[in-house]
Amino acid sequence: MKLSFTSFIGILAITPTASAFTLTMGTGNSFGRVFRISTWGESHGGGVGVQLDGCPPRIPITRDEIQVDLDRRRPGQSRITTPRNEADAVEILSGLNPEDITLGTPIAMLVRNKDQRSGDYLENDMNVAYRPSHADATYDAKYGVRAIAGGGRSSARETIGRVAAGAIARKILKMYNGIEVLAYVSKVQDIACENVDDDTFTMEDVDANIVRCPDPESAERMLERIDEIRKTGNSIGGVVTCVARNVPAGLGAPVFDKLEADLAKACMSIPAAKGFESGDGFAGTLLSGKDHNDEFYIDPETGATRTKTNRSGGIQGGISNGENIVVHVAFKPTSTIAKAQSTVTRDGQEVELRGKGRHDPCVLPRAVPMVEAMVALTLVDALMCQQAQCELFPNEASQDERPNPMGTTAKREGGPKKNDLAAAGGGPIGLRVDEE
């Protein structure tokens, strides 16, 4: 039996479970559980934007604070980014009072498109031919129609909404526990940065050069490689590393909602992202368990449980352990290039295509604020989930009955606990396990 959409909705309205039915924004346009964003708009439409729901009330946030991150993302910044000239000026439509304080209601933000050139797509072969490795063909296969000009929703312009909402998430994290989320370009092709301390580098260090690599010598080599590729009409990829400092222990949940799984989904949703690593990632497979394990110790000043190394990237068992969270995101070379490539048209004819118009020869510098935004959004969502489940009621057990505080910002009341085991002269503790 076939049902029309109208009939289907009518059945839902009369069934006992109708109260459980909710209509949300279309598939794939929303992210987050409690701190939730929905982005909208196409690259060459009237504008792009975001609705942020679940933001806590009484958070002071100004348009200028949001604009800082959007300015780091916008096109036209340098010779190694797309020359499309957009100011990306954000308009806050709802959710704040006249004193720039969040109300706890949905926050809607809009950035209007000003410098789109749809003719670059509609008046040549790109109107009918698919760009190799671009979303052109797959969007058409899925929907049977696509926004040809600018790539529609597959364009990096969609990330404006994420970055705007991410700026609010960044403010919340800073207010809650002094949490910082900073990313940088760590690799361009085979050129890796060599002298970056994840504990101390700053946003100013990152933004000191157009590559956004805080290691000046490596940045120069990266820039030379990008320019070399750019001048031939080709493109180039690499890796963005993101570090979140001062994250408390306990964020994330076992099994399907592990923190690194949520971070992976968040970062892999960014256009051109093709790989994700948490901590040592694939390099950890080359080590033995003894070499890879992060051994624990007690901080002699705070009495908190810490790790001697951070190969886990601040996450163990899918839950943050209070050390720096470190992730790496691999970005492919931009698929739109000014070199001839074999492709096919929409109606199935083989042709040769050479990309025209304005595009990034390397997405990495502009991907830095995108990665920061997605990591910040994920952490705020995880933080609010933790507050709702595990901190709704205070743990009133005595200090000796609670687990020792854990992480870089944790402190044990009264300082380190006296080591009774060491005083007794005991050797290593035996541990018998029986795991699958």
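**Helices, sheets and confidence**

Visitor: Which word describes how helix 2 and helix 5 lie to each other?
Guide: In this predicted model, helix 2 (residues 63-73) and helix 5 have axes that come within 9 Å and cross at roughly 135°. Helices (DSSP runs of H or I, at least four residues) and strands (runs of E, at least two) are numbered from the N terminus; axes are lines fitted to C-alpha atoms, for helices over the stretch in contact, with angles from 0 to 180 degrees between N-to-C directions. Angles under 35 degrees count as roughly parallel, over 145 as roughly antiparallel, 65 to 115 as roughly perpendicular and the rest as oblique. Helix 2 and helix 5 are therefore oblique.

Visitor: What is left out of the side-chain values?
Guide: Residues are numbered from 1 along each chain as its sequence is written, and in this predicted model local features need pLDDT of at least 70 and side-chain atom pairs pLDDT 80 or more, while totals for chains, interfaces and linings use all residues. Side-chain values rest on heavy atoms, leaving out hydrogens and water.

Visitor: How many charged residues are in the contact of helix 2 with helix 5?
Guide: Contact means heavy atoms within 4.5 Å, and here Glu 65, Ile 66, Asp 69, Leu 70, Arg 72 and Arg 73 in helix 2 meet residues of helix 5 including Thr 159, Ile 160, Arg 170 and Lys 171. Asp, Glu, Lys and Arg count as charged, Ala, Val, Leu, Ile, Met, Phe, Trp, Tyr, Cys and Pro as nonpolar, and the others, Gly among them, as polar. This contact has 7 nonpolar residues and 1 polar, and the charged ones number 6.

Visitor: How many nonpolar residues are in the contact of helix 5 with helix 10?
Guide: Helix 5 (residues 159-177) and helix 10 (residues 364-390) have axes that come within 7 Å and cross at roughly 50°, which means that helix 5 is oblique to helix 10. Among the residues in contact are Ala 165, Ala 169 and Leu 173 of helix 5 and Ala 373, Ala 376 and Leu 377 of helix 10. Beside 3 polar and 3 charged residues, the nonpolar ones number 15.

Visitor: How many nonpolar residues does the contact of helix 8 with helix 10 have?
Guide: The axes of helix 8 and helix 10 come within 9 Å and cross at roughly 145°. Helix 8 contributes Leu 259, Asp 262, Leu 263, Ala 266 and Cys 267, and helix 10 contributes residues including Val 371, Met 374 and Leu 379. With 1 polar and 1 charged residue, the nonpolar count is 9.

Visitor: Which residue is the bridge partner of Val 243 in strand 14?
Guide: Strands pair if DSSP finds at least two bridges between them. Strand 8 (residues 238-245) and strand 14 (residues 325-331) are antiparallel over 7 bridges. The partner of Val 243 is Val 326.

Visitor: Which residue in the turn between strand 15 and strand 16 has a positive phi?
Guide: Strand 15 (residues 340-344) and strand 16 (residues 350-354) run antiparallel, joined by 5 bridges, and Ala 340 is partnered by Arg 354. The two strands form a hairpin with 5 residues between them, and the turn residue with a positive phi, about 90°, is Gly 348.

Visitor: Over which residues is the pLDDT below 50?
Guide: The pLDDT (the predictor's confidence in each residue, from 0 to 100) averages 88, and 86% of the residues score at least 70. One stretch, with 5 contacts beyond near neighbours in sequence, is below 50: residues 1-19.
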